[in-house]
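The sequence and the structure come first, and the description follows.

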Amino acid sequence: MSSVKHSWQPVCPASELAPGQFVEFRLREKAREPAGMPLTGFLFLDGGTPRAYLNICPHLGVELNWMPGRFMDSDNLFIQCSTHGALFKPSDGECIAGPCQGDALTQLDLRERDGQIEVRLPE
């Protein structure tokens, strides 16, 4: 069985990442289910560490944010699903409350190259 090689894709200049701001993007790859649907993700600073996840709740497969760029709960501590209120730890995407407790968001591979933040789907 051969492993799928996903390509790196630039998202934004590293200088554009600011605390409390989320950068949303569309991946080149498409979703397997439903076939051909666009995959979207989001990028943010967790403390000083950049993190990127697919914008898909593991419970129902819906996008997490309730408005563009709005992913955090009212206390600004956890990523929150706008549909059922599930809470996810920003550091690793683990669901700590809600219907998908024990699941996690899909973390994207991330790197900085020539001043650009690039992401790709994990192998």
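A nonpolar core is here a set of buried Ala, Val, Leu, Ile, Met, Phe, Trp, Tyr and Cys residues joined through side-chain atoms within 4.5 Å. Buried means under 20% relative accessible area, exposed over 50% and partly exposed in between, with a 1.4 Å probe and protein chains only. The model is predicted: local features need pLDDT of at least 70 and side-chain atom pairs count only at pLDDT 80 or more, while totals for chains, interfaces and linings use all residues. Residues are numbered from 1 along each chain as its sequence is written, and side-chain values use heavy atoms, with hydrogens and water left out.

**Cores**

The largest nonpolar core has 16 residues, and Val11, Phe25, Leu27, Leu43, Leu108 and Val119 have the most contacts inside it. At least two residues of this core come from each of β1 (9–13), β2 (22–30), β3 (38–46), β4 (49–54) and β9 (116–120). Strands (E, at least two residues) and helices (H or I, at least four) are DSSP runs, numbered from the N terminus. A second, separate core has 15 residues, including Phe42, Phe44, Tyr53 and Met72.

Contact means heavy atoms within 4.5 Å. Not counting residues up to four places away in sequence, Leu108 touches Phe25, Leu27, Ala52, Tyr53, Leu54, Val119, Arg120, Leu121 and Pro122. Arg120 lies in strand β9 and is buried, with a relative accessible area of 17%.

Ile79 lies in strand β5 and is buried, with a relative accessible area of 0%. Among the residues that Ile79 touches, not counting those up to four places away in sequence, are Phe42, Phe44, Tyr53, Phe71 and Met72. Ile79 and Lys89 are ten residues apart in sequence and 6.4 Å apart in space, C-alpha to C-alpha.

**Aromatic pairs**

The structure holds seven aromatic pairs. Rings of Phe, Tyr and Trp (its six-membered ring) pair if their centres lie within 6.5 Å; planes under 30 degrees apart count as stacked, over 60 as edge-to-face and the rest as tilted.

| Pair | Centres apart | Planes at | Class |
|---|---|---|---|
| Phe42 and Tyr53 | 6.0 Å | 40° | tilted |
| Phe42 and Phe71 | 4.1 Å | 20° | stacked |

Phe42 in strand β3 and Tyr53 in strand β4 are eleven residues apart, and their pair links distant parts of the chain. Phe42 counts as buried at 0% relative accessibility, and Phe71 is buried at 1%. Ring pairs link Phe22, Phe42, Phe44, Tyr53 and Phe71 into a cluster.

**Pockets**

A pocket is an open set of points on a 1 Å grid over the protein atoms alone, where a 1.4 Å probe fits, with protein on both sides within 12 Å along at least five of seven lines; lining residues have an atom within 4 Å of a point. The largest pocket has a volume of about 320 Å³, the volume being the space filled by probe spheres set on the points. Twelve residues line the largest pocket, and His6, Arg32, Leu39, Leu54 and Leu121 lie nearest its centre. The second largest pocket has a volume of about 200 Å³. Eleven residues line the second largest pocket, with Met37, Pro38, Leu39, Ile56 and Gly61 closest to its centre.
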